[in-house]
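My entries follow the structure.

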Amino acid sequence: MSKCISFTAYRDWWYRYSFVSYGLRSVLTDLGEGTVMHCWVPKNHRQTQPNLLLIHGFGANAMWQYGNIVRQFIQRFNIYVPDLLFFGRSFTTRPERTEAFQAECVMKVMESHGVKKLSLVGVSYGGFVGYNMAMKFPEALERLVLCCAGVCLEEKDMEEGLFAVSDLDEAARTLMPQTPEKLRDLMRLSFVKPVKGVPSYFLSDFIEVMCMDYVKEKRELLQMILTGRKLNNLPKITQPTLIVWGDQDQIFPVELAYRLERHLGENAKLELIENAGHALTLEKPREFAKHLKSFLIDSSSPSVASQDENDDDDGDHDHLHS
């Protein structure tokens, strides 16, 4: 296949074009001390609309994971979609690798755009960051959605065989695939019905465009969420929280969803999506959007008339995400 033709690069361009057409603009914010964050922000901030922050997980950049949600919710919210540090166009030269540092950086970006109140959706690793934002900035965070985010995991869980991988090295090789074979492993773990027969050159193309940057730093991010983690040390957040999980998640097994529900108590509501894995936002976009709408729009603003659902997609497996 010609090197000048890249399906992944074209897809990335298409997402960028779509975000612009939805009324978003791409902004780089220099936070100082070697830290720069990229974020999609509204071209025109509407004061009468609530703010919605969408935080991605490991995988491609934020556009790939939230394109469908942005399209459906852009009329209801001022939407902000950042790239976390070491994803997309965001980076830092500082040594911090914790989700707490990520949370602080994201909040600084929000403050730079005058955002004082917001609801947040965090997918997988993005949920770890979102949970930290809820802990650190309770006055700013109004509602929280955690999707397949194993924030209640403990370091001993891996030793006791809860996960499909046996150690940090294997987890890093799977979540940051460097070969078509490893990318196929990730797809098998992420989807209940992964697309089969994808040519290796497509997978190699995706890896070259999306998975080659900041591999060492991303491994350090993984290490920080695992090392020394104990449920007893996890503070309880007070914001209304929706937990959304695929009932066949192999990255963060559903036991972690029940554990999180128990940990948060009456502030949390758990919604399990049947026949969905870790990539449920891609496998079951309609169900995911329905739960978001119910929690973020209907329950917080009962007087707002229901919006007709306009997403007829059953799924989109040409995205890759974790």
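**Salt bridges and burial**

I began with Arg229, which counts as buried at 15% relative accessibility, where buried means under 20% relative accessible area, exposed over 50% and partly exposed in between (1.4 Å probe, protein chains only). The model is a predicted one, in which local features need pLDDT of at least 70 and side-chain atom pairs count only at pLDDT 80 or more, while totals for chains, interfaces and linings use all residues. Residues are numbered from 1 along each chain as its sequence is written, and side-chain values use heavy atoms, with hydrogens and water left out.

I then looked up the partner of Arg229: Glu99 forms a salt bridge with it, the closest N and O atoms being 3.0 Å apart (a salt bridge is a side-chain nitrogen of Lys or Arg within 4 Å of a carboxyl oxygen of Asp or Glu). Glu99 lies in helix H3 and Arg229 in the loop between H9 and strand S8 (241–246), so the pair ties together parts that are 130 residues apart in sequence; helices (H or I, at least four residues) and strands (E, at least two) are DSSP runs, numbered from the N terminus. Glu99 is also buried, at 8% relative accessibility.

Next I noted that Arg97 forms a salt bridge with Glu220, with the closest N and O atoms 2.8 Å apart, and that Arg97 is buried at 13% relative accessible area.

For Arg94 and Glu96, the closest N and O atoms of the salt bridge are 2.6 Å apart; Arg94 is partly exposed at 23%, and Glu96 is partly exposed at 28%.

Finally, I recorded a network of salt bridges that links Asp157, Glu255, Arg259 and Arg262, and a search of the whole structure that finds 15 salt bridges.
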